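Open the model in your viewer and keep the sequence panel beside it.

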Amino acid sequence: MGVITDLTRMWLTRSTRRFIFTSEYDQRLSFRDCPNLGLYVHIPFCKSICNFCPYCKTTYSEGLCSRYIDALIREIHMTGEQAGLGKTVTSLYFGGGTPALVADRMKEIVEAIRQHFFITEGIGVELHPDNVTVPVLQTLKEAGVTRISIGIQSFQKKYQDILGRRAMDISALFLALKTVDFETVSMDFIFALPGQTFEDLRTDIDMAFENGANHIAIYPFIDFTFTTSPVGAMHKKEKRWLLDEITKYCLDKGCIRTSIWTFSSEKHAGYSSMTRDNFLGFGCSATTLLRKQFKINTFSVEEYCRRIDKGQLPTSLTLRFSLRQRMVYYLFWTAYSTKINPADFEGFFGVPLEKMYGLELNLAKLLGFVTKQGGVYRMTLKGAFYYHYYENFYTLSYIDKMWGIMRKDAFPPRIEL
Ligand SMILES: C[S@@+](CC[C@H](N)C(=O)[O-])C[C@H]1O[C@@H](n2cnc3c(N)ncnc32)[C@H](O)[C@@H]1O
Ligand code: SF4
């Protein structure tokens, strides 16, 4: 598996140089000249822990959580002060963990951000179904939240049981969504679970759109090596068939494919903390992507607070990109939106896309992975499946390895991928 990602990396970066992450980091980050900068805040607390979940999280305790939020606000100021007279950013996303566990401090966090950044495209928050109550939604709305994403996973008991998730009170959830409105209401589902059929998924998709969602995300189940879930991965052929059927069904319903696994029923609806050219991440495990570097904060809540107490950034590892590495990173995440605009690439790097990757794009056209329409490369169904398939390799070879190490060691000296 690693061989495929290694060979692809060497081919696309035209070099045998690996992605080298070291503990040496910058206290000052160069983001003032970064266009399309997004912000992300990580809240690593959950009421109970799901055995399939790879994200950085720990069981909620009031004392630790309160210490963490104080530290988080200090990290925001530490970096934000480098913005000078304020910096325009696209969006702000809160992820986790379960960010709504700190709903009462959300306003304070948003205000800290607003002292340094001007947000143009709204604020998104990831919610556990238990958080979808009228008081919580109202508190979030008052803090400035405009988009929510709810981790439904499945409306059906059979799959909730497989994932070890408790049944939710669906009617209370739907009623709360009717009472407090948001620009985007997204719902997350997991597909490719054992025995799952297209009919199961179609029922969930219809139920979501009929009850307040205007956006859905359907993620393939990923069996991380360090999680304890007994659920195995579905066979490639079956998975491909499911992904194609879901896609066709959503497109036939009139939905817009906003990325490989997301669909919206309304043009303005969108929820993605991933497809941004540059971003600053705050909190445990949060990542930052800038023109020349990618950095990742420590996964340990204790060590995070300790670093901040010393007035230092909580960076655990930093990768300094070569130009080709940055281009590959840019293309990989832009492709997640199912299209690549050569004008945007040239605007970012100052060189034409076709000059750097003309051969690969022609090959992708020949193989039927992309078509070029109106000057923009768009992924075909086949291309989207292979991207999804490759992303799976990437997740298992790179993310699995890195997160597997970082959840055990707060500050590993070096990781090579
Ligand atoms: C941080 S969680 C969501 C928010 C909230 N904590 C919850 O559980 O409802 C983000 C999303 O990642 C997806 N996810 C988590 N573990 C996954 C896995 N092993 N494979 C695929 N998707 C996964 C789920 O759909 C989940 O809603
Ligand atoms: S899936 Fe959500 S609730 Fe479950 S452990 Fe992960 S972040 Fe927490």
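Start at ligand 2. Select Cys-46, Ile-49, Cys-50, Cys-53, Tyr-55, Lys-57, Gly-96, Gly-97, Thr-98, His-128 and Gly-151: these residues surround ligand 2. A residue counts as near a molecule if its C-beta atom, placed from the backbone, lies within 6 Å of it. Colour the shell of ligand 2 by class and you get 5 nonpolar, 5 polar and 1 charged residues. Here Ala, Val, Leu, Ile, Met, Phe, Trp, Tyr, Cys and Pro are nonpolar, Asp, Glu, Lys and Arg are charged, and the others, Gly among them, are polar.

Before moving on, some ground rules. This is a predicted model, in which local features need pLDDT of at least 70 and side-chain atom pairs count only at pLDDT 80 or more, while totals for chains, interfaces and linings use all residues. Residues are numbered from 1 along each chain as its sequence is written, and chains are lettered from A and ligands numbered from 1 in the order in which they are written.

**Ligand 1**

Which residues come nearest to ligand 1? Select His-128, Gly-151, Asp-188, Tyr-219 and Ile-222, the nearest of the 17 residues around ligand 1. Now show strand 6 (92-96), strand 9 (147-153) and strand 10 (184-191), the elements that each give two or more residues to this shell. Helices (H or I, at least four residues) and strands (E, at least two) are DSSP runs, numbered from the N terminus. By class, the shell around ligand 1 splits into 9 nonpolar, 6 polar and 2 charged residues.

**Two backbone stops**

Zoom to Gly-96 and Gly-97. The peptide bond from Gly-96 to Gly-97 is cis, with omega near 15°. Gly-97 sits in the loop between strand 6 and helix 3. Both glycines also belong to the surroundings of ligand 2.

Next, centre on Ala-192. Its phi is positive, about 75°, although Ala-192 is not a glycine. Look for Ala-192 in the loop between strand 10 and helix 7 (198-210).

**Helix 3 and helix 4**

Show helix 3 (residues 103-114) with helix 4 (residues 134-142). They pack at an angle of about 5°, with axes 8 Å apart. Axes are lines fitted to C-alpha atoms, for helices over the stretch in contact, and angles run from 0 to 180 degrees between N-to-C directions. Helix 3 and helix 4 are therefore roughly parallel. The cut-offs are under 35 degrees for roughly parallel, over 145 for roughly antiparallel, 65 to 115 for roughly perpendicular, and oblique for the rest. Pick Ala-103, Asp-104, Met-106 and Lys-107 in helix 3, which meet Val-136, Thr-139, Leu-140 and Glu-142 in helix 4. Contact requires C-beta atoms, placed from the backbone, to lie within 7 Å. This contact has 4 nonpolar, 1 polar and 3 charged residues.

**Helix 2 and helix 9**

Switch to helix 2 (residues 62-80) and helix 9 (residues 301-309). Their packing angle is about 45°, and their axes are 9 Å apart. The pair is therefore oblique. Select Leu-64, Arg-67, Tyr-68, Ala-71, Arg-74 and Glu-75 in helix 2, then Val-301, Tyr-304, Cys-305 and Ile-308 in helix 9, to see where they meet. These residues divide into 7 nonpolar, no polar and 3 charged.

**Helix 8 and helix 13**

Bring up helix 8 (residues 236-252) and helix 13 (residues 381-406). The angle is about 130°, with the axes 11 Å apart. Helix 8 and helix 13 are therefore oblique to each other. Arg-240, Leu-243, Asp-244 and Thr-247 in helix 8 meet Leu-381, Phe-385 and His-388 in helix 13.

**Domains**

Finally, colour domain 1 (1-17 + 323-409) and domain 2 (31-264). These bounds come from an automatic or database domain assignment. The domain centres, taken over C-alpha atoms, are 25 Å apart. Each domain gives 14 residues to the contact.

Note on methods:
Contact = placed C-beta atoms within 7 Å.
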